[in-house]
Amino acid sequence: MNKYNNLKPFKDEGRTYGLRQWMNVVFILAALVGMGVYFWHSHTLGLYIVGAACVVKFIELTLRMMKL
């Protein structure tokens, strides 16, 4: 083992790792779509989509902080 490798305490091996990765992908895609809708179609609908993306991100953050 490398004597400079101190990342062991931060290694993520929780049960929800795969689910959280998918939630991050959904967040990024929804945020991009929401921004596109906001700038090229409807401000209100774009804000709703970005808001829903933020809800997904907050759920992912909660799962990460609870270390499930």
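Helices here are DSSP runs of H or I with at least four residues, numbered from the N terminus. With that in hand, here are some notes on this predicted model.

1. **Where α2 ends.** Helix α2 covers residues 43-66, and just after α2 comes Lys-67, with a positive phi of about 55°. The length of the helix is worth checking too. At 1.5 Å a residue, the 24 residues of α2 should span 34 Å, and the end C-alpha atoms are 35 Å apart, which agrees.

2. **The buried side of α2.** Which residues of α2 are buried? They are Gly-46, Ala-53, Glu-60 and Leu-63. These buried residues pack against α1, the helix made of residues 17-40. Please keep Glu-60 in mind, as this residue returns below.

3. Apart from neighbours within four places in sequence, Val-56 is in contact with Met-23, Val-26 and Phe-27. For one of these, Met-23, the C-alpha atom is 6.6 Å from that of Val-56, although 33 residues separate the two along the chain.

4. **Glu-60 and Arg-20.** Side chains of opposite charge can pair when their charged atoms come close. This structure holds 3 salt bridges. One of them joins Glu-60 to Arg-20, with the closest N and O atoms 3.2 Å apart. The pair ties together distant parts of the chain, since Glu-60 belongs to helix α2 and Arg-20 to helix α1, 40 residues apart. Are these two partners buried or exposed? Both Glu-60 and Arg-20 are buried; for Glu-60 the relative accessibility is 1%.

5. Lys-57 and Glu-60 are 3 residues apart in helix α2, so about one helical turn separates them. Another salt bridge runs from Glu-60 to Arg-64, where the closest N and O atoms are 3.4 Å apart. Here the spacing is 4 residues, so again the separation is about one helical turn. Lys-57, at 25% relative accessibility, is partly exposed, and so is Arg-64, at 38%. Through shared partners, the salt bridges join Arg-20, Lys-57, Glu-60 and Arg-64 into one network. I would look at these four side chains together in the viewer.

6. **An aromatic pair.** A pair of aromatic rings is described by the distance of the centres and the angle of the planes. The count for this model comes to 1 aromatic pair. How are the rings of Tyr-38 and Phe-39 arranged? Their centres lie 5.2 Å apart and their planes meet at 85°, so the pair is edge-to-face, given that angles over 60 degrees fall in that class. Tyr-38 is partly exposed at 29% relative accessibility, while Phe-39 is exposed at 59%.

7. **A nonpolar patch.** Phe-39 turns up again in a nonpolar surface patch of about 1000 Å².

Notes:
Residues numbered from 1 in each chain as written. Predicted model: local features only at pLDDT ≥ 70, side-chain atom pairs only at ≥ 80, totals over all residues. Heavy atoms only, no water. Helix = DSSP H or I, 4+ residues; strand = E, 2+ residues; numbered from the N terminus. Contact = heavy atoms within 4.5 Å. Patch = residues over 30% accessible without salt bridge, like charges linked within 9 Å, V, L, I, M, F, W, Y side chains within 5 Å. Areas by Shrake-Rupley, 256 points an atom, 1.4 Å probe, with all protein chains shown as cover. Salt bridge = Lys/Arg side-chain N within 4 Å of Asp/Glu carboxyl O. Phe/Tyr/Trp six-rings, centres within 6.5 Å; stacked < 30°, edge-to-face > 60°. Buried < 20%, exposed > 50% of the residue type's maximum accessible area, 1.4 Å probe, protein only. Expected span 1.5 Å × (residues − 1).
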